[in-house]
Amino acid sequence: MKLLSLVISLTLGFLLLLATADLPDWGDPQSPASIHVSNYYIENSVEQTSVPNFVTSVLADYRGYDTMFETIVIFCAGITVLTILRRSHRQKKKEVRPRPAREGKDLILISAARIIAPMMQIFALYVVAHGHHSPGGGFQGGVILGSSFILLALAYDLETILKRLKERSVIIMSGIGVAIYMGIGMICLFLGGNFLDYSAWSSVLGVSAVEARSHGMLGVEIGVAVTVMYIMFSLYADLSSGGEMDEGL
Amino acid sequence: MNEILTAIIAKYNYWSFLILLLIGLHAMISKNNLVKKVIGMSIFQSAIILFYVSIGYKKGATIPITEHGHGHANEVVHQTAAEMVAGFANPLPHVLMLTAIVVGVGTLGVALALVQKIHRVYGTIEEDEILEKIKE
Amino acid sequence: MIKEQLPILILAVPLLASFAITLFARKSKIAAFALLVGAMGMSFVFAIGVMRQILDTGRVIHYHIGNWQPPFGIELVIDHLNAMVLVLVSGAAFLTAIYSKNTVPAEVPYRFPGEEVPERVPNYYTLYALLVTGLLGIVATGDAFNMFVLLEISALSSYALLALGGGRAYFATFKYLIVGTIGACFYLLGVGYLYIKTGSLNMPDLKVILTSPALAESPTVMIAFMLIITGIWIKMAFFPLHGWLPNAYTYASTTTSCLVAPLMTKVSVYMMIRLMFSVFSAHYIFDRLGWQNGVVWLAAAAILFGSISALGQTNLKRMLCYIIVAEVGYMVGGVWLANADGLIGATYHILSDAMMTLCLFMAVGAVIYKTGDASLYAMRGIFRKMPVTSVVFVIGALAMIGIPPTCGFFSKWYLVSGAIEARHWGFAVALLISSLINAVIFFRIIEIGYFPLFDEQEGEGGHHAHDRAVIAEAPFSMLLPMVLTALSLIAIGLYSNEIITGLVGRTIPAGLL
Amino acid sequence: MATLPFPEAAPLLAILVSIAAIPLIVLSGSKPNLREFWTFLAGFIKLGLVLSMAGYILAGNTYTYELCKVLPGLSLKLTVDGFGMLFALVASTLWIVTSMYSIGYMRGLDEHAQTRYYSFFALALSATIGVAFSGNLLTMYLFYELLSLSTYPLVTHHQDQEARTGGRKYLTYLLSTSIGLALPAMLVTYALAGTLDFNVHGIFPAETAKSTLVILLIMFLYGFAKAGIMPFHSWLPGAMVAPTPVSALLHAVAVVKVGVFSIGRILTGIFGIDLLSTASLNVIVCVIAGFTVIVSSLIALSQDNLKRRLAFSTVGQLSYIILGIGLASQLGVIGGMSHIAMHAFGKITLFFCAGAIFVATGKKYISEMKGIGRRMPFTMAAFFVGALSVIGLPPGGGLITKLQMASGAMQADLLFVLVIYLVSSLLNAAYFFPIVYNAFFCTEEEAMFDKKVAEAPMLCVLPPVITAAISVGLFFFPGLFVDFARLMVTGL
């Protein structure tokens with residue numbers, strides 16, 4: 001196996017090396033990748049979508065369809081892990097499994113987490129909301145939000161956090177997150193546009209078509225953030241407890 | 001000799017991505033421990049992400065965000081199209097990689113969940129031991 | 001308005017269903033089932049609508065998502081080829097959804113006998129809907145990167161569905177996950193290499209750019225092609241990259257194998273055809289690279305290997321899995337024969353093979369559902385006990401062997417014609433040998449099923465045993481889709497000329513005629 | 001087009017009528033009388049439909065009915081012409097007789113799974129008529145395969161180890177040759193000619209290389225293994241494990257004749273008689289078939305099991321027919337085609353008799369049958385007449401066609417074929433006469449049966465007597481079938 005693997009890897013490496021000479025230099029502004037489609041985004045993003053962060057406009061609008069599925073990948077991963085790992089509630093109660101006694105909760109850790117977590121959350125909301133203008137967006141914000149809960153779960157234990165963030169609501173909320181994205185796109189159909197054509201919202205929102213695109217993006221970013229946050233936490237909860245939803249790590 | 005060296009340095013991003021890629025691939029195929037395979041997978045994916053992101057870089061360009069105040073879309077600091085194109089990095093690879101990262105996270109999560117399950121079924125995560133248990 | 005929006009609705013409906021099941025049907029198996037079947041049915045209707053539009057107008061449908069012009073936005077491109085595959089995928093998913101009514105609650109919620117996790121059923125349906133969305137998305141999209149994302153959605157959800165088989169399924173799925181990720185990453189890397197040379201991700205745009213002579217010479221493009229094609233071959237389990245498939249599909253639950261086994265490999269074959277001829281070109285692949293001879297030999301090897309391995313199996317599902325490996329060889333070989341007949345055969349075989357595999361997996365699934373046994377001997381006396389199921393099985397088997405007028409015969413006809421035209425006798429011989437081996441495989445089973453030796457019939461001996469035979473047919477929800485699938489095999493065969501001139505034949509790229 | 005004396009879809013209906021009977025047969029499985037009624041009803045309707053077209057065909061017309069187009073330039077289509085009509089007439093007549101016999105036989109032995117038996121019997125008949133009316137090679141191949149599959153359950157009817165082995169052999173031979181040889185040959189033909197429709201002048205373009213034609217010819221000859229050309233004959237004795245009515249109708253008449261018919265069609269419709277004789281392909285056919293004729297007759301001499309002896313006799317007679325058609329001379333073709341009918345009536349009589357003996361006495365071996373003629377005079381008389389017809393002696397119909405084939409051999413200037421005919425007729429006589437002789441001419445002490453043994457049930461005895469009578473009738477009125485065969489060569 002080792003030998004086979006080396007042969008495969010080295011063959012691949014050799015082939016890819018062959019191509020290297022043909023590839024443009026690093027950072028070459030005239031490389032084909034940087035002159036065809038991408039310049040259109042740089043030149044037109046502001047006029048067409050009123051979003052100065054090109055990454056966001058490409059992500060959530062020009063290639064919004066990709067991003068929708070990206071959110072669904074996350075959602076799908078969450079459901080998958082849950083379905084694979086989760087055990088039944090009833091069964092768990094019957095089972096008495098010996099576990100190592102947990103050390104007392106660390107006061108410093110808890111206090112620090114309690115201070116840091118809200119700040120993380122505020123910052124995350126900023127990252128979500130300001131994603132059009134500065135680096136940030138739904139994914140980034142969602143991950144920070146999710147990790148604030150993970151931090152709390154680490155400092156206390158999983159069961160404590162699960163009392164606040166019910167497992168059922170985690171799944172439902174993550175579904176709602178993708179549904180928000182999808183819904184914004186679907187409503188465009190009823191407003192006479194194509195799927196994910198946010199400009200169709202202009203009549204409802206009472207703004208210009210270009211502004212509507214910007215608002216639409218904000219909407220979908222919120223959806224993304226909701227899903228990512230809950231699924232990140234759900235992944236942590238499932239994986240750290242092996243699907244038992246007990247004290248976790 | 002010097003020319004070759006310059007050529008290599010001019011394209012050093014490909015070299016570094018290639019090395020990571022091969023490490024990852026080799027680990028995925030040859031490692032016996034399932035978690036190591038998963039780690040290999042992550043390295044492999046990261047290598048590809050590195051490759052894409054390096055495509056997006058332009059010498060002398062900055063992050064692809066224009067300066068302007070909120071709600072003043074039309075008051076952007078006016079630049080010619082050529083200046084803008086030269087001044088901002090290519091946003092597309094970043095967008096693509098955001099997706100690839102997310103896919104990576106998803107795959108990683110599922111892989112770890114499966115490893116946990118395998119451990120529960122076979123009591124081990126070493127591939128050869130698992131295969132032996134299957135044979136029994 | 002709905003007419004223009006049909007392309008997106010085909011995949012939006014299953015997607016909405018997946019959320020709806022998560023949000024509204026977490027408690028009720030029946031509600032989840034109803035939502036799923038409804039969504040799959042609607043998707044099927046929409047797919048047929050799109051196909052009708054294309055047949056009526058004869059034009060390729062371009063649907064611009066977000067109303068952005070390609071290549072800047074993502075578009076769905078639906079021509080004759082993928083209209084057919086869309087109908088196939090949604091139709092097969094619809095039939096399997098109906099089929100799942102009894103099997104899923106019987107198999108999925110139990111991790112061990114006795115330990116029930118009822119939430120698994122709605123989750124299973126959610127993942128089912130996501131898998132179908134992913135497959136439909138792959139088929140509909142006109143964007144190379146978008147294809148990767150959807151590929152990963154279908155992959156992730158299929159990992160989950162396959163892993164739910166429990167026991168050995170976990171390890172098999174893990175291996176599939178590793179191999180599948182390598183495949184998907186190869187594809188992604190290939191798209192990256194294309195992007196670096198062209199700056200575009202939109203397939204029609206890529207095709208235009210790639211025709212420039214400078215790029216035709218470029219080693220980067222060649223390597224991009226190689227990476228993409230290898231990635232897809234891994235995903236479709238093309239010999240010798242097939243190692244993951246038999247285990248992964250064998251240990252899956254009944255419904256999962258009915259859904260995954262016919263569709264995943266076939267959609268991969270579609271991807272291969274799409275990328276070969278809509279991104280690269282026949283001229284580039286067959287004239288410039290000229291690998292077809294080697295690939296067709298590999299396909300012939302795949303056919304022989306798959307068939308011979310299938311012959312040695314005693315587990316019904318495993319046997320069918322090896323047949324899939326052989327059938328993938330049919331299709332890859334057909335495409336790479338580099339002539340119109342071969343490509344027609346391969347494309348038509350996507351349709352017929354998907355339905356044949358579906359038919360056989362459904363019949364075998366029903367037997368397993370009733371007997372709890374997946375070995376060949378589960379079929380013993382099955383013709384008495386489950387007459388409808390066994391007739392369905394026989395029709396599927398005949399199609400696999402390639403007996404007219406089932407569809408299997410006509411795809412083989414074209415493939416062999418293509419092989420003769422390309423003077424590739426090895427492939428033609430492999431096809432015929434595989435037909436013969438299939439005949440041996442299936443008649444062995446039919447013999448066991450139809451003519452149990454009298455001394456083998458449990459508790460019954462001598463003549464007139466049949467009068468007392470207990471009829472224990474599968475439930476109606478399983479029989480209905482099975483019978484429909486079996487009928488479709490004959491219908492596809494009898495209408496092969498319409499299908500081929502109306503749909504398949506329209507997609508032959510110019511270089512091959 | 002003038003109004004037809006029969007419904008437009010008559011050929012299709014003739015095929016479908018027995019399929020349509022299957023559900024009725026299955027549904028009335030618990031009421032044997034009703035079940036058999038359906039069989040008969042379908043049989044008579046089928047015969048009626050076939051007859052309704054006979055006059056039209058005899059007037060020199062052919063009738064084509066297109067079902068659907070399946071491949072470019074290639075459709076599933078039914079054509080009724082003289083040769084097809086001849087064969088359809090034989091098959092549908094014999095179905096009725098055999099059904100009658102089946103009832104006697106199956107009930108007499110109290111066989112199991114009779115419903116299944118009658119259902120697949122009906123299906124097999126549909127396939128046979130389908131082959132007879134096929135308008136092109138593809139359609140013929142379709143029905144040919146259908147016939148292989150639908151007769152498989154009949155062969156394995158007994159469900160014991162022997163039956164399974166026989167059935168396995170049956171399918172292995174038939175499917176492997178049809179998929180392995182006939183199908184590729186058909187594809188190559190299609191690639192060369194662009195069509196598969198039968199045409200009396202052949203369909204190969206003039207420039208086709210002779211070596212290709214030779215290879216294709218050999219592939220076709222061996223590909224339709226139902227014709228039992230050596231070395232692909234051994235399924236036929238193996239399949240004799242089936243109940244006797246099955247052996248009778250299917251393995252002496254329907255299945256093997258379908259094989260011969262198919263080869264006859266290919267020789268006349270795909271290659272064309274002109275091509276066969278001008279490119280001297282007929283020599284190849286004659287050598288291959290002639291070898292089988294002689295060898296199988298020799299083997300038949302050594303068989304003690306009556307049904308096996310009949311089976312090897314059948315193998316020989318089949319190649320006889322192919323030999324006749326393969327001569328590619330007018331008389332040879334006419335003789336060969338009509339010999340299908342003659343042999344069918346003669347051989348089915350023999351099989352019926354073998355079955356009747358088995359039902360009445362349980363005996364299978366010739367050496368155990370001394371003196372049986374005294375106890376079962378009608379049966380053995382019928383046997384004698386059948387044997388005469390197969391050997392080609394008056395008053396058996398076989399004489400007429402054998403003479404025609406022999407003169408065909410002279411017409412084609414292939415004298416060695418004449419020798420084959422003569423030798424094989426002698427051999428036929430050598431393996432049939434001892435049976436008849438021992439049956440009747442033995443002393444009371446030598447007879448192996450006591451007085452209690454009597455004729456088999458009525459329904460087992462009547463059919464052989466009828467078919468024997470028809471055989472004799474054909475001697476006097478051979479025109480019935482020969483005219484149809486003559487139609488096939490008039491255009492040349």
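Chain A and chain D share no contact (contact: C-beta atoms, placed from the backbone, within 7 Å); their closest C-alpha atoms lie 38 Å apart. Chain B and chain D do not touch either, with nearest C-alpha atoms 34 Å apart. This is a predicted model: local features need pLDDT of at least 70, side-chain atom pairs count only at pLDDT 80 or more, and totals for chains, interfaces and linings use all residues. Residues are numbered from 1 along each chain as its sequence is written, while chains are lettered from A and ligands numbered from 1 in the order in which they are written.

**Chains B and C**
- Chain C brings 23 residues to the contact, and chain B brings 25 residues.
- On the chain C side, α5 (144-163) and α6 (168-198) each give two or more residues. Helices here are DSSP runs (H or I, at least four residues), numbered from the N terminus.
- α6(C) gives the most, with 15 residues.

**Helix pair in chain D**
- α1 (residues 10-27) and α4 (residues 114-133) of chain D pack at about 170°, with axes 9 Å apart. Axes are lines fitted to C-alpha atoms over the stretch in contact, and angles run from 0 to 180 degrees between N-to-C directions.
- α1(D) is therefore roughly antiparallel to α4(D) (angles over 145 degrees).
- Residues of α1(D) in this contact include D:P11, D:I15 and D:I22; among those of α4(D) are D:Y118, D:L125 and D:F133.

**A residue in chain D**
- D:L86 touches D:M337, D:S338, D:I340, D:A341, D:F481, D:F484 and D:A485, leaving aside residues up to four places away in sequence.

Notes: Two residues are in contact if their C-beta atoms, placed from the backbone, lie within 7 Å. Angles under 35 degrees count as roughly parallel, over 145 as roughly antiparallel, 65 to 115 as roughly perpendicular and the rest as oblique.
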